[in-house]
There are 2 protein chains.
Amino acid sequence: MNKKGVFEQIDFNQVAITDPFWTDRMKVHQDVTVDTCIKRCEETGRIENFVKAAGGPQKGAFKGRFYNDSDVYKVLEGAAYSLMHVENPELKEKLREIIQKIGAAQEDNGYLLTYFTLEKPELKWTDLDKHEMYCGGHLMEAAIAYYQATQEKLFLDIATRLADYYMTLFGPDKRVWIPGHEEIELALVKLYEVTGTEAYLDFAHWLLEQRGNGYGQEGDEARFHHDEYREDYFHHDRPVKDIRHVQGHAVRAMYLYTGMADVSKYKDTGYEDALYSVWDNLINKNLYITGGIGPSNSNEGFTKDYDLPNDTAYCETCAGIGLVMWNWRMAQLEGNGKYVDVIERALYNNILAGWSLSGDRFFYDNKLEADGKHKRSKWFDTACCPTNICRFIPSIGQYIYGANKENIYVNLFINSDTTLTYKDRDLKVQQITQYPVDGQVEMNFDYDSSEDIQVCLRYPDWCKSATIRLDGKVVTPRVEKGYLVIRVSKGQKLTYIMDMPIEKVHAHKFVVADQGKVAITRGPVVYAVESQDQDGMIEKIKIPTDSLLVLEDALVSRYPSIGCYSRKGKVIAKLIPYFAWNNRGTDKMKVWIDEAKVDTLYKY
Amino acid sequence: MNKKGVFEQIDFNQVAITDPFWTDRMKVHQDVTVDTCIKRCEETGRIENFVKAAGGPQKGAFKGRFYNDSDVYKVLEGAAYSLMHVENPELKEKLREIIQKIGAAQEDNGYLLTYFTLEKPELKWTDLDKHEMYCGGHLMEAAIAYYQATQEKLFLDIATRLADYYMTLFGPDKRVWIPGHEEIELALVKLYEVTGTEAYLDFAHWLLEQRGNGYGQEGDEARFHHDEYREDYFHHDRPVKDIRHVQGHAVRAMYLYTGMADVSKYKDTGYEDALYSVWDNLINKNLYITGGIGPSNSNEGFTKDYDLPNDTAYCETCAGIGLVMWNWRMAQLEGNGKYVDVIERALYNNILAGWSLSGDRFFYDNKLEADGKHKRSKWFDTACCPTNICRFIPSIGQYIYGANKENIYVNLFINSDTTLTYKDRDLKVQQITQYPVDGQVEMNFDYDSSEDIQVCLRYPDWCKSATIRLDGKVVTPRVEKGYLVIRVSKGQKLTYIMDMPIEKVHAHKFVVADQGKVAITRGPVVYAVESQDQDGMIEKIKIPTDSLLVLEDALVSRYPSIGCYSRKGKVIAKLIPYFAWNNRGTDKMKVWIDEAKVDTLYKY
């Protein structure tokens with residue numbers, strides 16, 4: 001089957017990121033986060049569970065939550081990506097050891113979830129919400145990553161055995177299964193892409209099609225055994241093609257939509273209306289300015305349109321990462337830059353905030369206002385967020401470029417050198433930029449042909465105006481689906497200037513929590529105030545509508561701070577990037593700040 | 001008496017403007033506008049009136065309007081300024097000839113106004129609105145300019161004779177006079193500054209003090225002999241210290257406030273409250289986005305607060321120039337950048353629009369919306385506007401810098417080299433910038449001392465955010481009265497980046513004419529649409545709130561145009577700088593354009 005998407009991603013192993021902002025974060029990931037996550041998985045018995053499971057069913061011996069296997073897989077995925085950036089024989093050997101333990105824990109028929117193997121083998125496949133396929137999906141993603149990093153099939157074989165095993169139990173004319181936590185669907189598509197086995201793709205499609213259509217045949221008692229949540233929480237209240245509004249658990253929703261978009265790249269699913277509609281609903285009525293989603297702690301998810309409280313905002317780090325995953329599929333599917341706008345918003349704010357600058361502390365929930373008690377943790381019993389950070393950060397290179405037969409798509413602006421294939425010939429693309437410290441990007445193209453190339457530069461949603469120069473001369477682009485399209489002749493230097501002032505942002509009038517308030521942003525970066533920078537007087541800040549904003553020395557990290565002054569010169573506030581908050585001790589913090597209206601004849 | 005202002009201007013003869021934007025305009029001024037204006041004064045009998053007057057009173061021989069002498073003076077003033085920029089012996093000789101004719105027309109007692117000398121000698125000093133002192137004021141300004149350009153006292157002697165003559169008739173214990181069209185007041189202060197004769201300053205103060213206090217003693221029948229206008233139009237309805245709101249004829253108002261500020265620099269006038277209040281009223285409720293003032297044709301002036309129609313906007317070029325004159329005095333008086341914001345707004349929009357790119361066509365009124373009939377003229381019977389352009393353009397260098405014992409004030413951003421005195425030592429200041437094409441200004445200082453200098457960089461009202469670097473490193477400034485204040489050590493390069501995106505501007509909700517509309521600006525430059533760039537469909541333009549704006553190749557002049565596109569890529573509009581409109585034939589034009597609201601969760 002052919003891929004239907006408008007463009008394909010350029011994998012991160014073709015991209016050398018040389019950007020000070022990101023190389024610093026990626027070095028912290030390599031040096032601190034990967035090791036920390038492996039160590040925590042060891043300390044908490046997550047890896048030992050596999051060893052125990054390999055010894056046969058020992059009731060009571062399982063340690064932790066039933067989905068803990070998934071954390072190990074996600075760390076392995078991140079560690080494998082890390083190996084694709086820097087050689088690390090010691091780490092590679094460590095991964096091989098863990099994978100061997102995982103392989104040993106796989107049952108003869110292919111089953112693999114240490115919780116059931118150790119704890120309740122008789123209850124396998126009876127509770128739709130026990131994350132059996134969720135963990136399986138993460139195993140597959142990790143196995144693919146390890147295969148790509150090492151070319152070793154060790155882990156991939158475990159993954160295909162597992163997938164094959166699933167298909168012996170479930171599928172057309174077999175048992176019905178509705179995974180309580182989506183993930184397997186997107187993993188199966190990845191497995192199809194790596195192995196070429198169409199059955200995995202078909203199985204992913206079949207799994208999606210089961211939703212909203214009741215349960216299995218009489219006698220199959222598999223159900224969501226949950227007191228609190230109903231079908232809508234699990235996305236089993238309607239066929240997926242009929243989805244129009246976000247609902248339920250935010251991470252599960254993102255993984256579901258990702259799977260739907262993935263399958264739609266290859267098959268006629270009829271999911272497009274659902275995907276476009278639910279995207280509109282999420283982005284226009286349910287998205288925090290930080291790219292966080294899911295306001296509620298009680299269901300870890302969505303409530304009602306425009307319900308975006310700040311102090312109780314849940315905005316799980318994983319949900320932000322899921323949002324990126326889904327939007328990247330949508331970007332490829334439709335070839336529209338608006339999806340990358342969402343990726344960028346989540347990336348530079350919600351997700352980065354979930355991860356300390358030191359690399360070893362994590363937020364599960366990313367509030368937009370804190371009373372001085374909220375702080376990052378070393379780890380969690382449910383450790384999905386740290387482990388998602390672990391696999392997400394080394395993969396960001398893949399979101400930079402896309403390509404098809406006509407165009408090179410420039411999606412993210414990150415100082416880097418990339419080699420890709422364009423019209424069957426080698427093309428080296430260089431981005432020289434300090435983004436997001438400023439909005440200027442210089443691009444050089446070294447193409448193995450004398451022909452022009454056509455470049456689509458994303459025009460970000462935060463950006464109000466831009467200029468493109470070729471060899472210094474202003475040129476008029478064609479505009480198409482959120483991109484500025486221009487032809488570049490051999491040897492021409494392209495300069496893309498996205499005007500990046502400090503902006504004052506106001507929320508829609510229906511967002512009750514933000515009325516009378518203003519948020520300060522610059523480019524994709526949302527700013528916040530921490531009490532320690534305001535002489536402790538964070539409650540008293542009122543930003544006048546005519547205030548002067550000045551980019552200033554960094555107060556934390558190396559990213560510029562913002563000084564906000566009255567026209568007469570009074571210091572109103574000092575702001576730091578939201579992603580850098582809570583790195584100098586626990587403190588009060590706000591993204592949305594009270595505004596003092598000054599009556600002016602013209603409002604810019 | 002000491003000067004009370006916060007800073008003093010650096011005269012334009014100390015500033016070498018090397019800016020492509022302005023050198024081009026100044027060359028057009030020198031090559032075209034000066035000659036054109038002299039020629040028109042000759043063709044229309046304005047110079048011949050002096051020759052006739054020198055021959056004695058020949059009733060009926062006067063040609064034109066009673067205030068036509070003033071046009072000759074203003075052209076002489078501009079031509080003299082021009083001589084301070086470029087040597088031109090031929091022009092200098094021409095000026096001397098004209099000045100000799102003027103001198104010959106001065107009556108023995110010092111009287112000089114060819115209209116009354118030739119037409120109605122018996123009616124001298126009977127009608128307050130016959131511009132006798134208005135013309136006299138312009139003579140003084142021209143004489144001072146000629147003296148500064150040539151060091152020749154020829155013209156200055158005529159001016160002092162005239163002033164001395166005025167004081168023989170009017171003053172304490174003499175006749176009362178309320179000049180119908182202000183101008184003499186500011187001219188007398190200039191004359192005081194050049195000659196050191198305090199009597200001129202005192203006389204200016206006395207003239208101002210007569211306003212709002214009735215007329216002369218019984219038997220003195222001098223009145224405003226006007227059917228239509230009352231005392232409020234002439235600023236004779238209340239003492240000037242009680243002024244709180246703009247009213248009446250816009251140019252007269254500006255010249256009055258200028259004179260009030262001028263006298264207040266040297267004397268305790270008690271005018272400050274009036275000046276600050278009327279400024280607030282003008283700027284916050286009566287200023288067009290172009291810096292134009294005075295909406296009404298019928299009184300060439302103000303109506304009521306927020307009455308700012310576009311298609312019938314009067315916005316006389318002279319009023320814009322008067323606005324600059326007044327605000328420059330205010331800037332010096334209070335040391336506040338907000339006054340220079342107004343100067344810049346009027347300069348780059350209202351005033352420049354009044355003058356064709358070719359240099360020989362002029363607008364009297366500068367509408368913000370045109371139906372395709374409004375066009376520039378070669379000249380006018382009342383030629384105040386061309387002649388004001390003639391004297392204003394060569395003087396813009398004086399608005400760039402100010403200095404006092406502590407600070408160098410950087411007011412306008414124009415590529416230039418300047419030599420000034422700072423703490424009694426020579427300081428060379430270099431501005432390297434493409435402003436207003438972009439918002440980056442590099443400054444180098446060559447100071448004849450090892451001490452630091454303190455620089456106040458204006459933070460423009462259109463600017464929402466800025467960054468200052470010293471030798472490339474971001475620094476945190478102190479903010480004071482609209483300036484960013486920093487200390488610069490010897491040899492340090494200062495870079496001032498004013499973020500200059502294309503902005504969408506909305507007017508106050510009380511401005512009826514602009515509701516539902518948006519104006520597009522970039523930095524100080526207001527943009528407009530002309531019908532010819534929209535395939536003639538100017539009426540159909542609706543700019544979506546989420547449109548993409550791109551700086552593009554110039555459509556007229558060499559200043560970039562703006563392309564406005566929908567998110568999907570449709571061309572919505574092509575915009576040109578307002579100052580460049582009506583240079584490609586007569587056309588329909590709009591500054592305020594209909595807006596189509598797109599509902600978004602966050603508004604930048």
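A residue counts as buried when its relative accessible area is under 20%. The legends below describe close-up views of a predicted model.

**Figure 1. Helix α12 of chain A is largely enclosed by the rest of the structure.** Of the 18 residues of α12(A), 18 are buried, so the helix is described as largely enclosed. After the helix comes A:Gly335, which has a positive phi near 65 degrees.

**Figure 2. The second largest pocket has a volume of about 970 Å³.** Its lining comprises 41 residues, of which A:Lys3, A:Gln9, A:Asp11, A:Glu193 and A:Gln332 are the closest to the centre of the pocket. Two or more lining residues come from each of β1 (8-9), α3 (69-85), α6 (132-150), α8 (184-195), α12 (317-334), α14 (384-392) and β6 (416-422) of chain A. Sorted by class, the lining holds 17 nonpolar, 10 polar and 14 charged residues.

**Figure 3. B:Trp125 and B:Trp177 form an edge-to-face aromatic pair.** The structure holds 89 aromatic pairs over all chains. In the pair shown here, the centres of B:Trp125 and B:Trp177 are 5.0 Å apart, with 85 degrees between the planes. The pair links distant parts of the chain, 52 residues apart: B:Trp125 belongs to the loop between α5 (114-118) and α6 (132-150) of chain B, and B:Trp177 to the loop between α7 (154-169) and α8 (184-195) of chain B. Both B:Trp125 and B:Trp177 are buried.

**Figure 4. B:Phe224 and B:Phe234 form a stacked pair.** The ring centres of B:Phe224 and B:Phe234 are 4.0 Å apart and the planes meet at 10 degrees; planes under 30 degrees apart count as stacked, so the pair falls in that class. Both B:Phe224 and B:Phe234 lie in the loop between α9 (198-209) and α10 (250-264) of chain B, so the pair ties together parts that are 10 residues apart in sequence. B:Phe224 is buried, at a relative accessible area of 11%, and B:Phe234 is also buried, at 0%.

**Figure 5. Aromatic residues of chain A form a cluster.** Among the members of this one aromatic cluster are A:Phe21, A:Trp22, A:Tyr348, A:Phe413 and A:Trp462. The cluster also includes A:Tyr435, A:Tyr496, A:Tyr527, A:Tyr559 and A:Phe579.

**Figure 6. Lysine residues of chain B lie over aromatic rings.** The charged end of B:Lys124 is placed over the ring of B:Tyr111, 4.3 Å from the ring centre. B:Lys130 lies over the face of B:Phe66, at 4.7 Å from the centre of that ring.

Definitions and conventions
Residues are numbered from 1 along each chain as its sequence is written. Chains are lettered from A and ligands numbered from 1 in the order in which they are written. This is a predicted model: local features need pLDDT of at least 70, side-chain atom pairs count only at pLDDT 80 or more; totals for chains, interfaces and linings use all residues. Side-chain values use heavy atoms; hydrogens and water are left out. Rings of Phe, Tyr and Trp (its six-membered ring) pair if their centres lie within 6.5 Å; planes under 30 degrees apart count as stacked, over 60 as edge-to-face and the rest as tilted. Helices (H or I, at least four residues) and strands (E, at least two) are DSSP runs, numbered from the N terminus. Buried means under 20% relative accessible area, exposed over 50%, partly exposed in between (1.4 Å probe, protein chains only). A charge sits over a ring if NZ of Lys or CZ of Arg is within 6 Å of the ring centre and within 35 degrees of the ring normal. On a 1 Å grid over the protein atoms alone, a cavity is a set of points where a 1.4 Å probe fits but cannot get out, and a pocket is an open set with protein on both sides within 12 Å along at least five of seven lines; lining residues have an atom within 4 Å of a point. Grid points are joined across faces, edges and corners, and a volume is the space filled by probe spheres set on the points. Ala, Val, Leu, Ile, Met, Phe, Trp, Tyr, Cys and Pro count as nonpolar, Asp, Glu, Lys and Arg as charged, and the others, Gly among them, as polar.
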